[in-house]
Amino acid sequence: MDSHSTKQAAQTMLRRRFCQAAGAGVLGFPSIVRAGLSRKIPKVAVVGADGMDPTLLHEYAAKGFMPNCKKLIGAGGFKKLRTTMPPQSPVAWATFISGMDPGGHGIYDFITRDPATLAPELSTASTTPPKSSMDLGKWTIPLSSSKLELIRRGPALWDVLQDAGVPSWALRAPVNYPPSDTDAKTLCGLTAPDIHGSYGIFSFYTTDPKQSTRDVSGGHIERVRLQRGLAYCTLRGPDNAFNREQPMSEVPFTIERDQDQPLVRIRIQDNDALLKQGEWSAFLPVKFSLVPYLAEVTAICRFFVKQIRPQLEVYCSPVNIDPANPAFPVSTPGDYSKDLAELVGRFYTQGMAEETSALTQGVLSDAEFRHHAMDVLETDIRIFRSQLNDFKEGFFYSYFSSLDMNSHMFWRTIDTKHPLYTAELAKEHGDHLPSLYRKIDEYVGDLVEHLGAEGQIYIASDHAFTSFRRQFNLNAWLLDNGYAKMKNRMDRDSAPNFVNNDWSGTSVYGLGINSIYLNVAGREPNGIVKKGDDYDRLRKEVAAKLSEVRDPKTGERPILRVVEPEKVFRNTDGNPHHKPDLIVCYADNYRASWDTILGGYPTEHVLDNLDPWSGDHCMDPDFLSGVLLTNAPIRAENPGLDELAPTIIHSFGVKVPELMKGRNLMAAK
Amino acid sequence: MIDVINRISEVIVSGINGLFSWLPPIGVLLVHALLMGILALAAYALVSNQAVIKRTKNRLLARVLEIRLFQDDPLAVTGSFMRVLGGTVLYMTASLKPLIVMLPIVVLWITQLAGWFEWRPLRAGESTVVVAKMQKGTDIMAGSATLSVPAGLTVETEAMRSLKDNEIVWRVKADGAASGAMMITAGGSSAEKEIAAVTGGLAQVSPKRLNTGFWEKVYYPYEVPLAADGPFTEIRVSYPVAQIKVFGQEMNWLIILLIASILFGFALKKPFKVEF
């Protein structure tokens, strides 16, 4: 990401606003923007509870943890909500937003690849560098704008409503970075990146001599030395696009430990924070200089003092886009995030604020992560509540990542058969998931009260949850079954991202969590599979063989079925170059291995999942339907996530876009 | 002397702000811009040579017209251009006197206003650090270091002794509205420092209390200086930066003040019969 893309996105929005305002003003028809809505506008609120599991919902409601949801269930407003193929959050929420299946909105997996280079990339947003630039010594001056683009296709539900004159809010809107051009008030959620353009890279500063300075998955560990209690450190910022070598920008800072007291002082630019052990700082604004006095990137980060003695250990959150001074667009209107920051203080802008990598890497303990995760949830609730006063009519969407992210990390506390489950762990942290469900239920209670008798509320989750006990090395299986070839098989364990691949002998490769691609001639750079009969035969062969694989430890089938996308999607034309050739539907308790996701070839095919990331949902969608809970009767049977958008648009009397093919759930049988 | 001037200017600025406290912060700032514009007009009226300014401006206009009229005659254009340059120097010289008279008043005024518009008091729930910087040679590790704060504030940490800059630091949290003097005891001596937390409205804050330096006293005039022979060189509170919005857009208060005072000056020059 860079600042040119921000400017271009902002200019596009500005142009559109100007044209709309000028059009309405000159013609003197304010109704032009209300699209014929003369009657009273209803109040509809949607709580997007990512990963809310129907079984847990019923269990916690029955135990009295969720009295507000229990009332809704009791009134008959509950149904299981059919999820998407595959049931991944970006795929599923893009379906909710656009009313189209992945074939239409074009998001098929968390990760996709550039067919020209086979380099893995995020599937939801892309940055195109400036077409031309001029080099001046070590500097490079862009002569045209770069482009930051939302890959999701189709208008968002709230764009359709706002364009029809329905005041709309979409807070923490998932799969909406950069934000789509709309007059609705939106704040980006899931898939919004940190300042590096990633899903979050933490930093950890330690004096522990056993540690060395290195990059780890999702983070960076820096070994520091104390001199008279003082450590000189650097905070890593975005790559400097103005420098020909694109080095990472940095901000120096100091951590000072008191000689006697358990206190640490952190000084970074104009910020001065004094922290005790176990404390988090507030969000601190920092500026990364790209060109001295001419170009800088503003951002925020926060520190956590994990330990002061014997070793000093200080954690720093991923560097986030500053909502109070955003270097890249995170909201519409552009300064809406500033208004929110003024109301509730600075907050995480990265979509997945829960710092799961830090827990996985052992940098944060379970207890420390819990505290942080609860803080994220409470901040989200503060943001949502701060906007309720303005919500008098129209559409109000608020999205929670908490249940999803914490179910991923804490499923091992409730699944007695998970390899990481222990009775002590369950005793200590088994109450964490119920406490999060309880918090969301409190918010639901507020919302129901705010809506009154006439308003309508939907609580929707994109998928259920289950345990992730065993992991399947898809690429390893492909390699050992003759569908892939390596230049040097001796290096198979240490070469991710296909760096050791012999593409002239590779016909099939797995990338992302559920996606399989064929190495197609004319599409991939060294493709060997011809489109036509060869392609069809190979797809069927691989699908059939994968469905028969058995786990040597349990005797179970890790994969239930492998499907051809065009046979399951009604919509077409959504980013066809990103569409996988096959989608893998894993069995309950099984999922693609961590090595599979980025193209690694470890030796074992099926192994235990010993990562704290112990719950998952990227399996067969048939047993992972989510939650639909509402205060009005749902007439339709087997409702689907793609049908919520047309249902909601219907309820405002607005014309449903033709691409949204789902039923009106409140009318259909 | 500077301390006396600071106290007088503080009384004046606080008085104006108190008088217009019913206005939003941007309104109060515009009142100051209006008064600053009037001050500029008064300075021009009283100490400038109005006849010279008028004559110079008229001649400058004539030279510009010459350039326009005789644009085909390079010799005439060059001559007129040189005269425009000369006239500009003359005009600037004529304006110098009122500017010199105004400058110290405006500097004092702006530094006073910074206490109201550059920073804002703490809000309930916010924390900040209080830093006592000690004289070189003072052993900050020796003896006890304590901080007592007025009601409405809580000291959240023990004293942290920072060897790098010879500083003692505490973290203080605002529980609600609070205003008054903190008492710091360290290095065998005590000193006070104002601290403020409010729940809304415009309020003055003093980010630093210093013991030496003429310019430091000009820039941070909000409190009586610390004893020059005491162990403290500076006591500071990190206040959040204040924000002022104009038509929904955040703007620096100083830019608003300067632009608005120039506009008020232009708007009022006819009624005040002043040329500049």
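1. Of the 276 residues in chain B, buried residues account for 34%; this figure, like the others in this note, is computed from a predicted model.

2. The overall dimensions of chain B deserve attention next, since its radius of gyration is 25 Å, whereas a compact globule of 276 residues would have one near 19 Å. Along the principal axes, the C-alpha trace of chain B extends over about 80 × 45 × 35 Å.

3. As to its secondary structure, chain B contains six helices and eleven strands. When the contacts in chain B between residues at least 6 apart in sequence are considered, 69% of them join residues at least 24 apart.

4. One helix pair can be followed in detail: helix H1 of chain B, covering residues 2–19, and helix H4 of chain B, covering residues 74–117, have axes that come within 10 Å and cross at roughly 55°. The crossing in which H1(B) passes H4(B) is right-handed.

5. To this contact H1(B) contributes B:Ile5, B:Ser9, B:Glu10, B:Val13 and B:Asn17, while H4(B) contributes B:Leu108, B:Trp109, B:Gln112, B:Leu113 and B:Trp116. By residue class, the contact of H1(B) with H4(B) comprises six nonpolar residues, three polar residues and one charged residue.

Technical notes. Residues are numbered from 1 along each chain as its sequence is written. Chains are lettered from A and ligands numbered from 1 in the order in which they are written. This is a predicted model: local features need pLDDT of at least 70, side-chain atom pairs count only at pLDDT 80 or more; totals for chains, interfaces and linings use all residues. Helices (H or I, at least four residues) and strands (E, at least two) are DSSP runs, numbered from the N terminus. The radius of gyration is taken over C-alpha atoms; the globule rule is 2.2 Å times the number of residues to the power 0.38. A residue is buried if 20 or more other C-beta atoms lie within 10 Å of its own, exposed if 12 or fewer, and partly exposed in between; C-beta atoms are placed from the backbone. Two residues are in contact if their C-beta atoms, placed from the backbone, lie within 7 Å. Axes are lines fitted to C-alpha atoms, for helices over the stretch in contact, and angles run from 0 to 180 degrees between N-to-C directions. A crossing is left-handed if the near helix is turned anticlockwise from the far one by less than a right angle, and right-handed if clockwise. Ala, Val, Leu, Ile, Met, Phe, Trp, Tyr, Cys and Pro count as nonpolar, Asp, Glu, Lys and Arg as charged, and the others, Gly among them, as polar.
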